Amino acid sequence: MNQDKHFDTLQVHAGHQHDHLKAVNPPIYQTSTFAFEDADDGAACFAGENAGYIYTRLGNPTVRHLENAVAALEGGFGGIACGSGMGAVTSVYMAFLSAGSHIVSTDAVYGASRSVLEKHFSRFGVQSTFVDSSNLALVEAAIRPNTKLIYIETPANPTISITDIADCAVVAAKHGIKLVVDNTFCSPYLQQPLALGADIVLHSVTKFINGHADVVGGVIVTKTAEDHKLLYNVMTSMGPNMDPHQAWLVIRGLKTLSLRMEKAQANSQIIAEWLEAHPAVAWVRYPGLKSHPQYEIAQRQQSGPGAMISFGLKGGLAAGKKLMDSVKLAVLAVSLGGVETLIQHPASMTHAKVSSEAKLAAGITDDLVRYSVGIENVDDLIADLERGL
Ligand SMILES: *Cc1c(COP(=O)(O)O)cnc(C)c1O
């Protein structure tokens, strides 16, 4: 596939390699292993002199289709698909961190991306520091001689805070450190971190890329062949690989990414403005509102504000619970980025067991409601929210 095509063309066609039957949709190569022509062919496959498939943990044509498609959309050298977003995150940590090395990360990063470092990688002597990465001075101040990665999530969860990718890339390059960006909230349709100077970009494709809340998965894209080789080696030896059927579902979801994102984003802008004007709402955090503290950065590095809104209710925790129980259209569930609108109240749900101090430090106030906007009719979504407010 010619890489000079536009995004909406690439999302439909990139990665597809017609087999001898010319199936328009990729076959699901539901096989664990692949036969060799003869002993010499087997030896050449293992020596890497021949591109043939060997065993599905090491590579599979359906999975390769997805890897190549996401790599094309992110403008990278190549992709590595994993069984979950966390499979992608931990593969990146495993590839670049060793005993005695250090990582600087966004404080409001996805919960498991932080806890796996603090609870598990720490057992192997890996050090981690979490800072508000929307403040570049804090990122730079956290760098130590043993820092190997700057890892940012932007927009971050659930505060929707935004980090300047190009600024972080300058700092990373100055210190000879790799910059990794979790691009799950924007998808490559709205933000392409490699073009802004990042070395590695990763996704939980569970969210916008698949977009139908029916599969869990992750994809990493590297800028260079060298990083791709290292990551592929780490991922295929550890084994958080993606299954061919999982890849096939994600390929199907990916084909409509731009259409879903445009509709969800248009809904989001209307809803965010409506919320901001509502008397029961204390504050709204959405990159498409001028009131967003990093509005200017969002304008510069994202081609659109996306479909995730956080807002606070004047009535705090009690009002949040009432809203959860009153909405009928928005589904009360975690996750995000699907065609259906989801609502979640971190203080009474995902973060109910977290101490008040820790919640406050991460910006998760009792009044915070997280709203993942789907592709439903916007008037129906607003009527649904109005009932609860
Ligand atoms: C969901 C999510 C992850 C983890 O992905 P899984 O597919 O659930 O393993 C990582 N980062 C972000 C930003 C996410 O939203």
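**Briefing: ligand site, a helix pair and backbone features**

An oxygen atom of the ligand is found 2.7 Å from an N or O atom in the side chain of Lys207. Considered by itself, the ligand exposes 380 Å², and the protein buries 92% of that area. The model is predicted.

**Ligand site**

- The ligand is surrounded by 13 residues, and the closest are Gly85, Asp182, Ser204, Thr206 and Lys207.
- Sorted by class, the shell around the ligand contains six polar, four nonpolar and three charged residues.
- Thr206 places a polar side-chain atom 2.7 Å from an oxygen atom of the ligand.
- With Gly85 the backbone takes part: one of its polar backbone atoms is 2.9 Å from an oxygen atom of the ligand.

**Packing of H3 with H10**

- Two packed helices are described by the angle between their axes and by the distance between the axes.
- The crossing of H3 past H10 is left-handed.
- On the H3 side, the contact is made by Thr62, Val63, His65, Leu66, Ala69, Val70 and Leu73.
- On the H10 side, the residues in contact are Pro244, Ala247, Trp248, Val250, Ile251 and Leu254.
- By class, this contact of H3 with H10 has eleven nonpolar and two polar residues, and no charged residues.

**Backbone features**

- Most peptide bonds are trans, and most residues other than glycine have a negative phi.
- Thr154 and Pro155 are joined by a cis peptide bond, with omega at about -10°.
- Pro155 sits in the loop between strand S4 (147-153) and helix H7 (165-174).
- Another cis peptide bond joins Asn157 and Pro158, where omega is about -5°.
- Pro158 also belongs to the loop between S4 and H7.
- Ser187 is not glycine, yet its phi is positive, near 70°.
- Ser187 lies in helix H8, which covers residues 187-190.

Methods:
Residues numbered from 1 in each chain as written. Predicted model: local features only at pLDDT ≥ 70, side-chain atom pairs only at ≥ 80, totals over all residues. Heavy atoms only, no water. Near = heavy atom within 4 Å. Polar contact = N/O pair within 3.5 Å; in protein donor to acceptor, adjacent residues only side chain to side chain. Areas by Shrake-Rupley, 256 points an atom, 1.4 Å probe, with all protein chains shown as cover. Nonpolar A, V, L, I, M, F, W, Y, C, P; charged D, E, K, R; others polar. Left-handed = near helix turned anticlockwise from the far one by under 90°. Helix = DSSP H or I, 4+ residues; strand = E, 2+ residues; numbered from the N terminus. Contact = heavy atoms within 4.5 Å.
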